[in-house]
Amino acid sequence: MDQDEAGFGGRRKFLSLAAATAGIASVGGAGLAAPAVVDLSARKPKREDYDVVVVGAGFAGITAARELSKAGVATLLLEARNRIGGRTFTSSFAGKRIEMGGTWVHWSQPFIWNEIIRYGLSIEESPGALAEKFSYLSAGRLHHANAEKIWRRIGEAMSAYVDVDRQGGRQIMPLAHDPLAKRDLLAKWDALTLADRMKQMKFSEEMRNLLSPQLSINCHNTLDQGGFADMLRWWALGDYDMGRMFDKLGRYGIREGMSELANRMLADSNADVRLASPVKSIEKQGDTYRVTGSQNQVFKARTVVIAVPLNVLSSIRMEPALSPAKVQMAAAGHTGHGSKCYIHIRQKIGNWFGSAPNPYPITLAWSEKHPDEGTVLVAFGPPGKLDITDEEAVQKAIRGLIPNAEVLGVMGYQWEVDPYSRGTWCWYRPGQLTQGFAELRKAEGGIFMAGADQAEGWRGFVDGAIESGITAARDARNFLKA
Ligand SMILES: Cc1cc2nc3c(=O)[nH]c(=O)nc-3n(C[C@H](O)[C@H](O)[C@H](O)COP(=O)(O)OP(=O)(O)OC[C@H]3O[C@@H](n4cnc5c(N)ncnc54)[C@H](O)[C@@H]3O)c2cc1C
């Protein structure tokens, strides 16, 4: 296949994965890497009755299924899409490996680091994390600056923004892995949006325009949607330091790819697996649960681990219904609704970083890969502002930050329209952390909740997904033993 056929040669063909249906493998028949796939033929369900049915084969569900099945518990993993990995999958673009969803990891994320070591994987660094040039939009003008100097200024502003207790947030959020440790003190701050907190600050217009893209990318939405408490949580996870926080959030990826890790974890489990099996209802009947799929296939189990995203939880009919607090959390959902895409430009721009405040269609972008020709940028934007299938729109948006940019191709995945994710990473709305989070995590009878969107430590991250899978498996196993 030549470069034009692959869609990222000189022909300026745009690739995107319009994810209206589950299990999309490729668009345009090109650009997708083929990670080693687990042979599932031997894993087909051989019975109707299990000890545990795990719903959802993202990292949370794969982890729970591995832990349970390796402990001798009869486990069935049901996945709606025809692939595993959930909000992660590895692809390729401009001859480089890319991640369509979850990408960056860090050794201070204990659960995923454990898996990286266990399965002998390695990490690589994103060039944008080492940017020398920084371009930003402020007051309708494009500015260029030395990246190191600008990062120092943004870091100082962020430190002031989170300093709610004259201790840099340490009093309110002393334990990143236990975000409710100071629940009473936190409640007041949890009532605020990121925008509310911004209004309390006496920043210059330029500093607002530099800091707000950082906050907007965190909640992957506009500042009036994201809760301020989650910023305190990320700050604590980032050791109360801007540089360290960024290193943990956007610097190191898994060289072999997220899909490779998911495959290795699944290969290491003894669970039966069924793909392309969306669960439509879970009903309690005496001591068992009837789990019914969209084709009306029924499996029975003594316990169920629900490992689907918060934003699609309400699509599964539960009998009896989940607790009102869980229903409320699922109805409101998390705020992660923005875009992520890769943009291949003809120019060699080195290690560059760019930012623009809302409502600009690209919030943050940086050099992510250096192929033979040009540069591959990764770009994030707010909800509904950038149609990644529209060549003209992407070109126009990136030219606002790199005026001479000539776009050769674009690739992205529309997580927002995918019925099995309905969003990107988890960031809570005001009030959700102190009012809904603890309840969301609670088991109800033989129903156990898992997923990155309700993890205790790195909530919203692959690490949190694995943490929650370990926790749910432990609790389900204890329940079965009782
Ligand atoms: C664009 C993007 C960028 C990100 N960047 C990072 C990053 O850099 N680092 C990081 O750590 N994290 C990142 N994340 C977040 C991370 O990918 C997720 O938090 C994590 O992968 C979620 O894992 P999970 O198992 O909880 O949920 P998911 O991965 O969403 O898995 C849930 C599974 O449930 C399935 N499902 C849904 N409904 C049903 C149903 N009715 N029946 C059966 N199955 C169902 C889904 O198909 C899916 O496979 C990013 C996410 C996105 C989208």
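## Basis

The model is predicted, so local features need pLDDT of at least 70 and side-chain atom pairs count only at pLDDT 80 or more, while totals for chains, interfaces and linings use all residues. Residues are numbered from 1 along each chain as its sequence is written, and side-chain values use heavy atoms, leaving out hydrogens and water.

## Thr 292

Thr 292 belongs to strand β12 (residues 288–293); strands (E, at least two residues) and helices (H or I, at least four) are DSSP runs numbered from the N terminus. With a relative accessible area of 7%, Thr 292 is buried (buried is under 20%, exposed over 50%, partly exposed in between; 1.4 Å probe, protein chains only). Residues in contact with Thr 292 include Pro 278, Glu 283 and Val 298, leaving aside those up to four places away in sequence (contact means heavy atoms within 4.5 Å).

## Salt bridges

The structure holds 27 salt bridges, each a side-chain nitrogen of Lys or Arg within 4 Å of a carboxyl oxygen of Asp or Glu. One of them pairs Lys 46 with Asp 272, at 2.7 Å between the closest N and O atoms. Lys 46 lies in the loop between α1 (3–6) and β1 (49–55) and Asp 272 in strand β10 (residues 272–274), so the pair ties together parts 226 residues apart in sequence. Lys 46 is exposed at 59%, whereas Asp 272 is buried at 9%.

Arg 87 and Asp 453 also form a salt bridge (3.2 Å, N to O), linking parts of the chain 366 residues apart. Arg 87 is partly exposed at 22%; Asp 453 is buried at 4%.
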